[in-house]
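Work through the two exercises below. Try each task before you read its solution.

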Amino acid sequence: MQRQTVLGLAAACLALTLSACAPQPTCLELIPVRGTAVDDLGVAGPVCLQDDEVTARFETATWADLQAQAREVTGDPALTLSVGALDIEPNHPTRDERLVFLADDLGRMYGFEPSSQTLRVIQPSALVRAEQDQAVSHENLRTRAQGYAAQYAPVVLADDGAWVYSEGVKDPIYFFDWTSNGTTPAGQNPHRFLVALLPDGQLFSYMNFTPAGD
């Protein structure tokens, strides 16, 4: 019994030692790395970005993981992102969690939420718009938007009255919007999923603030 106790203590001490020696995530200062491509950061560990006294730390997602998420949502396997900002997204339900924003070469900003480690919003560039292909029908655009919902926010498609669906057009942008129908606490925004498409079906902007990224 005494030998087992000693071995147990030794194992516990070894585990603590290994934990203490385990590599810690590299926390990058925003200003020196702003504008640096994700592929050039040279950091393999989980995302950690600091700006003055504010730190955004991801539990396991790496910089490459964030870029891969953006590539999946946009359908562009060659999309290259650079460090952009650490800022609050005004449409975030709680309004107080800073997102890590990465930018593409068109100036679009991709906001990632540390707590969920997911892409929450794509903010379009006001100055630059990609060239468009041939326009498709409104019904086709609606189908594409619903496809985004089915893949990234299936909860909004549940037939339970919890979400209000609406469409709108601000030429040439088509908006497909699902907004939570529940009571919104004071000082918070409703949960929301929105897809905005160009006439040819290209993704213009994206917002996924469903409760758990569903």
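The exercises cover a disulfide and an aromatic pair.

This is a predicted model: local features need pLDDT of at least 70, side-chain atom pairs count only at pLDDT 80 or more, and totals for chains, interfaces and linings use all residues. Residues are numbered from 1 along each chain as its sequence is written, and side-chain values use heavy atoms, with hydrogens and water left out.

**Exercise 1.** Find the cysteines that form a disulfide, a pair of cysteine sulfur atoms within 2.5 Å.

*Solution.* 
- Search the whole structure: 1 disulfide turns up.
- Name the partners: the sulfur atoms of Cys27 and Cys48 are 2.3 Å apart.
- Helices (H or I, at least four residues) and strands (E, at least two) are DSSP runs, numbered from the N terminus.
- Read the handedness: the angle about the S-S bond is -65 degrees, a left-handed link.
- Check exposure (buried is under 20% relative accessible area, exposed over 50%, partly exposed in between; 1.4 Å probe, protein chains only). Cys27 is partly exposed at 28%; Cys48 is buried at 0%.

**Exercise 2.** Classify the aromatic pair of Tyr152 and Tyr206.

*Solution.* 
- Recall the rule: rings of Phe, Tyr and Trp (its six-membered ring) pair if their centres lie within 6.5 Å; planes under 30 degrees apart are stacked, over 60 edge-to-face, the rest tilted.
- Apply it: the centres are 6.1 Å apart and the planes 90 degrees, so the pair is edge-to-face.
- Locate it: Tyr152 lies in helix H4 (residues 138-152) and Tyr206 in strand S11 (residues 203-209), so the pair ties together parts 54 residues apart in sequence.
- Check burial: Tyr152 is buried at 13%, and Tyr206 is buried at 2%.
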